Amino acid sequence: MCKDHIVLAITALINSCIGQGIFPDKLKIASVIPLHKGGDINDPHNYRPISILTTLSKVFEKHIADQMYSYFLKTDVIHTSQSGFRRKHSCQTALLKLIKWMNDIDSGKLIGSVFLDLRKAFDLVDHEILLKVSLYNQLRHIGY
């Protein structure tokens, strides 16, 4: 409802930050909330962190991501075989490539690939530190 009143100021802020190559420290602050994944609620390994960021930070991030994605497409930085983190690409497009690879293997061609699954990436985070940081951020947010 207020976009017409603030869009010019936000645009100027984002353009200024891009021009100076900075991201404001205030926009880097997030409240980290532990989200239960399942299992025993008393086991810290059964939680993953969720970062709550400001709306302005998300707008800024989306703008930068769109600009970078456009640049990567124009400059062919992203390989055509990559399916992850690309619009109109998914597990299905990766599987279609796999079928082609199977045909190539049957024809005697050598095929190589790298598959990464980052679903468990947050399991590598020290959960004790995560919970302490989360508590600190929550206390700071309410003024302690």
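This is a predicted model: local features need pLDDT of at least 70, side-chain atom pairs count only at pLDDT 80 or more; totals for chains, interfaces and linings use all residues.
Residues are numbered from 1 along each chain as its sequence is written, and side-chain values use heavy atoms, with hydrogens and water left out.

**Overview. The protein chain is made up of 4 helices and 2 strands.** From the N terminus on, the elements follow the order α-β-β-α-α-α, where helices (H or I, at least four residues) and strands (E, at least two) are DSSP runs numbered from the N terminus. Of the 144 residues, 15% count as buried, a term that stands for under 20% relative accessible area, with exposed meaning over 50% and partly exposed in between (1.4 Å probe, protein chains only). The chain exposes about 11,900 Å², of which carbon and sulfur atoms supply 63%; such areas come from the Shrake-Rupley method with a 1.4 Å probe. Among contacts (heavy atoms within 4.5 Å) between residues at least 6 apart in sequence, 43% join residues at least 24 apart.

**Close-up 1. F23 and F60 form an edge-to-face aromatic pair.** The ring centres lie 4.8 Å apart and the planes make an angle of 70°; rings of Phe, Tyr and Trp (its six-membered ring) pair if their centres lie within 6.5 Å, and planes under 30 degrees apart count as stacked, over 60 as edge-to-face and the rest as tilted. F23 lies in the loop between α1 (3-20) and β1 (31-36) and F60 in helix α2 (residues 55-74), so the pair ties together parts that are 37 residues apart in sequence. F23 is partly exposed at a relative accessible area of 29%, whereas F60 is buried at 3%. The whole structure holds 2 aromatic pairs.

**Close-up 2. K100, D104 and K109 belong to one network of salt bridges that share partners.** D104 meets K100 at 2.9 Å, N to O, and K109 at 3.9 Å, N to O. K100 and D104 both lie in helix α3 (residues 91-106), 4 residues apart. D104 is buried, with a relative accessible area of 11%, while K100 is partly exposed at 49%. By the rule used here, the salt bridges number 4.

Terms used
A salt bridge is a side-chain nitrogen of Lys or Arg within 4 Å of a carboxyl oxygen of Asp or Glu.
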